[in-house]
Amino acid sequence: SGINAEYGTCTIFIVEIEISKKQLIHSYHKGLLLKKGSKYNLHYTMSDERVLEHILNPSAPLIGRELCNEIHEDPAPSTPQEKEAKALEVTAVKLAEENNYEESMKAFDAALALAPNMPSLYNNRAQLFRLKGETQKALHDINAAIELSQGVGKTAMQAYTQRAMLHMLHENEEAARVDFEKSAALGGKFAASQASRLNPYAKLCNQMLSKAMEGLQ
């Protein structure tokens with residue numbers, strides 16, 4: 001018996017067959033799974049690489065990898081003020097990692113006084129606010145980072161992920177999914193996996209394929 005399922009960009013045609021995972025992997029070739037001497041087969045419209053990876057690693061998301069692009073670094077500091085602000089930023093991050101939040105905040109504030117339009121300063125200070133439990137201040141800095149970066153580059157990628165995590169904290173999965181997808185489009189691999197997990201169509205596709213794989217073991 002067969003199941004024809006179409007959800008958004010995911011179309012799978014599944015025919016039930018009895019075949020071991022080892023046979024399945026060895027018989028995999030260009031989107032076609034065959035058992036020698038059998039008239040049954042599985043056809044996938046997703047890319048071969050993603051299907052095979054899911055067979056080898058069922059815990060990996062099947063949908064969502066196509067969202068993820070290369071990461072583009074932010075422009076390097078050019079003025080003396082920006083270079084000094086960058087050095088202060090590095091110091092501030094290190095202090096935060098050492099749980100010295102008060103001195104870290106002072107370093108961030110000094111850096112922002114020198115370079116108030118540097119997106120990464122707001123994004124990293126937002127992480128400090130999150131560590132301190134000040135989510136509204138964190139959200140304000142995240143939005144500033146996204147606005148100043150014009151939604152492009154590494155800082156924007158990180159800021160979208162941070163904002164998505166705040167949405168998750170407030171159980172707003174739809175808003176989180178949108179921001180995770182924006183981050184993934186800028187190269188965020190973690191964001192791509194989370195966007196896949198939250199995508200309702202991807203959930204259905206992954207569940208169907210996982211069940212098919214379980215039945216073939």
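Tutor: Before we start, contact means that heavy atoms lie within 4.5 Å. This is a predicted model, in which local features need pLDDT of at least 70 and side-chain atom pairs count only at pLDDT 80 or more, while totals for chains, interfaces and linings use all residues. Residues are numbered from 1 along each chain as its sequence is written, and side-chain values use heavy atoms, with hydrogens and water left out.

Student: How many helices and strands does the protein have?

Tutor: The protein has 10 helices and five strands. Both are DSSP runs numbered from the N terminus: helices are H or I with at least four residues, and strands are E with at least two.

Student: And what share of the residues is buried?

Tutor: Of the 217 residues, 41% count as buried. Buried means under 20% relative accessible area, exposed means over 50%, and partly exposed lies in between, using a 1.4 Å probe and protein chains only.

Student: Which helices do its buried residues pack against?

Tutor: They pack against α5 (119-131), α6 (135-149), α8 (173-185) and α9 (189-198). Among the buried residues of α7 are Met157, Tyr160, Arg163 and Leu166.

Student: Where is the largest nonpolar core, and which residues have the most contacts inside it?

Tutor: The largest nonpolar core has 26 residues, and Ala85, Leu121 and Ile142 have the most contacts inside it. Helices α3, α4, α5, α6 and α7 each supply at least two residues of this core. A nonpolar core is a set of buried Ala, Val, Leu, Ile, Met, Phe, Trp, Tyr and Cys residues joined through side-chain atoms within 4.5 Å. A second, separate core has eight residues, including Ala176 and Leu198.

Student: What does Ile142 touch?

Tutor: Leaving aside neighbours within four places in sequence, Ile142 is in contact with Ala126, Ala159, Gln162, Arg163 and Leu166.

Student: Back to α8 and α9: at what angle do they pack?

Tutor: The angle is about 140°, and the axes are 8 Å apart. Axes are lines fitted to C-alpha atoms, for helices over the stretch in contact, and angles run from 0 to 180 degrees between N-to-C directions. Among the residues that meet there are Phe180 and Ala184 in α8, and Phe190 and Ala195 in α9.

Student: And α7 with α9?

Tutor: Helices α7 and α9 pack at about 35°, with axes 11 Å apart. Thr161, Met165 and Met168 of α7 make the contact with Phe190, Ala191, Arg197 and Leu198 of α9.

Student: New topic: which residue just after α7 takes a positive phi?

Tutor: That residue is Glu171, with a phi of about 60°, although Glu171 is not a glycine. Glu171 sits in the loop between α7 and α8.

Student: Is Glu171 buried or exposed?

Tutor: Glu171 is exposed, with a relative accessible area of 73%. Asn99 is likewise not a glycine and has a positive phi of about 65°. Asn99 lies in the loop between α3 (80-97) and α4 (101-114), and is exposed at 56% relative accessible area.
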